[in-house]
Amino acid sequence: MELANTLSQDGESRGGVLAHLERLETQVSRSRKKMEEPQSAQAEESALGTRIHELRRLRDKLRAEVKQHQASVKASTTNVEPDQTLEITEQESLKRKWENVKAILQAYRFTGISGKLTSRGVCVCISTAFEGNLLDSYFVDLVMRKPLQIHHHSIPVFIPLEEISAKYLQTNIQHFLFTLCEYLNAYSGRKYQADRLQSDFEAFLAGPLQRNSLCNLLSFTYKAEPEGQSFPFCARLLYKDLTTTLPTDVTVTYQGKRKYCTFCSHD
């Protein structure tokens, strides 16, 4: 009986020692984790501080390089003589005008304006048309220098080319070409209509059609013969607007034995 009690006590004491050891190991493990966490945070903070320091160093380096570049640009600009600066400015202006001309020609390809590059600049061709009929073509040879100049051209003398050039050539070359195209298309359209009137209605005209070189003043006599009687009419067409193909003033007179009538139409 005593032996059994002794064995029982020894087993309990051993079990108590093992449990105590396990508790100690658990406490030691927790203590180690708590000690490692601050060390890990300190390591991360140290790495972040190093990265910040490196970025600041790169920032200062870039700032120094930018300042050095600005100083060199300023020095080079200062060393350029006024005549050279003016020459550079003029070259840039001509380059912009050159690019503008090429863009305009590209945009106006399908509107009757085309062009090709030359050793002096560009030669612009303006093809006219009226109601789907292709008519005459004209060219303007431009010299790309400051100021822009017209080397030669085939524009009729009665088209106000000098006036149009003075207004738009140096300031707005797109408007210059557009306005010139308007005048030429209107002239070709009026001429085309006069030619067709002369050829297609010759049987009704009493005499040739009278017109000036600009075709903005037409006069003719035509006959109407209802029921075998002849009634001669005289017509006068005036085009005050040289950019249109319709007359602004029309005068028709009837000449009989005792009759004389005049009809005027404005716009």
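Arg196 is partly exposed, with a relative accessible area of 39%, the classes being buried under 20%, exposed over 50% and partly exposed in between (1.4 Å probe, protein chains only). The side chain of Arg196 forms a salt bridge with Asp200, with 2.6 Å between the closest N and O atoms, where a salt bridge denotes a side-chain nitrogen of Lys or Arg within 4 Å of a carboxyl oxygen of Asp or Glu. Asp200 is likewise partly exposed, at 42%, and both residues lie in helix α4, four residues apart, about one turn of the helix.

The model is a predicted one, in which local features need pLDDT of at least 70 and side-chain atom pairs count only at pLDDT 80 or more, whereas totals for chains, interfaces and linings use all residues. Residues are numbered from 1 along each chain as its sequence is written, and side-chain values use heavy atoms, with hydrogens and water left out.

By the salt-bridge rule the count comes to six. In the pair formed by Asp249 and Lys240, the closest N and O atoms are 3.3 Å apart; here Asp249 counts as buried at 13%, while Lys240 is exposed at 58%. Salt bridges with shared partners join Lys191, Asp195 and Arg211 into one network.

Helix α4 (residues 173–200) lies across β1, β2, β3 (133–143) and β4, running at about 35 degrees to β2; helices (H or I, at least four residues) and strands (E, at least two) are DSSP runs numbered from the N terminus, and angles, from 0 to 180 degrees, are taken between N-to-C directions of axes fitted to C-alpha atoms, for helices over the stretch in contact. The four strands form an open antiparallel sheet in the order β1-β2-β3-β4, pairing being assigned where DSSP finds at least two bridges between two strands. The edge strands are β1 (113–117) and β4 (149–153), each of which pairs on one side only.

In the largest nonpolar core, Ile155, Ile159, Phe176 and Leu180 touch the most other members among 24 residues, a core being a set of buried Ala, Val, Leu, Ile, Met, Phe, Trp, Tyr and Cys residues joined through side-chain atoms within 4.5 Å. The largest share of this core, eight residues, comes from α4. Beyond its neighbours within four places in sequence, Leu180 is in contact (heavy atoms within 4.5 Å) with Ile126, Val140, Ile155, Ile159, Leu161 and Ile164.
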